[in-house]
Amino acid sequence: MEKGSCNGFWAGVDLAKAAFEAALAPLSATPAERTRLEVRSFDNTAAGVLELAALIEDSPGECLGICVEATGGYSERFARMPTRAGLATAIVNPARLDRAR
């Protein structure tokens, strides 16, 4: 499957100090559907990122990247882990996300 196809998805991540939550959002999802996505929790550790990577690997479609809200040191540290695992990661300004909803 080619990147950018309609079967692709983004992984959205909400970080905290000890844990993070993630949801996989298909490109075709409407705003209303995105509010009902399954959310999973992971430890905010390298092992937790590997669990997220396994979830992404086992999901149908192509992961176009991981979107993480900018939370200072938490997001910068987190972004390095999936990048090492070969997953593209984007750190975004939470104010821009709120405007897009």
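Biologist: Is Phe78 buried or exposed?
Modeller: Buried: in this predicted model, Phe78 has a relative accessibility of 0%. The cut-off for buried is under 20%, so Phe78 counts as buried.

Biologist: Nice. What is Phe78 in contact with, leaving aside its neighbours within four places in sequence?
Modeller: Its contacts are Val13, Leu15, Phe20, Asn44, Val49, Leu52, Ile66 and Val68.

Biologist: And how many aromatic pairs does the structure hold?
Modeller: There are two aromatic pairs. In one of them, the ring centres of Phe20 and Phe42 are 5.1 Å apart and the planes meet at 20°, so this pair is stacked. Phe20 sits in strand S2 (residues 19–26) and Phe42 in strand S3 (residues 40–43), so the pair links distant parts of the chain, 22 residues apart.

Biologist: Are Phe20 and Phe42 buried or exposed?
Modeller: Phe20 is buried, with a relative accessible area of 1%. Phe42 is buried as well, at 7% relative accessibility.

Biologist: OK, how are the rings of Phe20 and Phe78 arranged?
Modeller: Their centres are 4.9 Å apart and their planes are at 70°, so Phe20 and Phe78 make an edge-to-face pair. Phe20 belongs to strand S2 and Phe78 to helix H3 (residues 73–84), so this pair ties together parts 58 residues apart in sequence. Phe20, Phe42 and Phe78 form one aromatic cluster.

Biologist: Switching topic: which residues have the most contacts inside the largest nonpolar core?
Modeller: Those are Val13, Phe20, Leu52, Ile56, Ile66 and Phe78, in a core of 19 residues. Strand S1 (9–15), S2, helix H2 (46–58), strand S4 (63–69) and H3 each give two or more residues to this core.

Biologist: Which element gives the largest share?
Modeller: That is H2, with five residues.

Biologist: Why would nonpolar side chains be found together like that?
Modeller: In soluble globular proteins, nonpolar side chains tend to be buried together.

Biologist: Now the whole chain, please. How many helices and strands are there?
Modeller: The protein chain has four helices and five strands. Reading from the N terminus, the elements go β-β-α-β-α-β-α-β-α.

Biologist: What percentage of the residues are buried?
Modeller: Of the 101 residues in the protein chain, 33% are buried. The accessible surface of the chain is about 6,300 Å², and 53% of that surface belongs to carbon and sulfur atoms.

Notes
Residues numbered from 1 in each chain as written. Predicted model: local features only at pLDDT ≥ 70, side-chain atom pairs only at ≥ 80, totals over all residues. Heavy atoms only, no water. Phe/Tyr/Trp six-rings, centres within 6.5 Å; stacked < 30°, edge-to-face > 60°. Buried < 20%, exposed > 50% of the residue type's maximum accessible area, 1.4 Å probe, protein only. Core = buried A, V, L, I, M, F, W, Y, C linked by side-chain atoms within 4.5 Å. Contact = heavy atoms within 4.5 Å. Areas by Shrake-Rupley, 256 points an atom, 1.4 Å probe, with all protein chains shown as cover.
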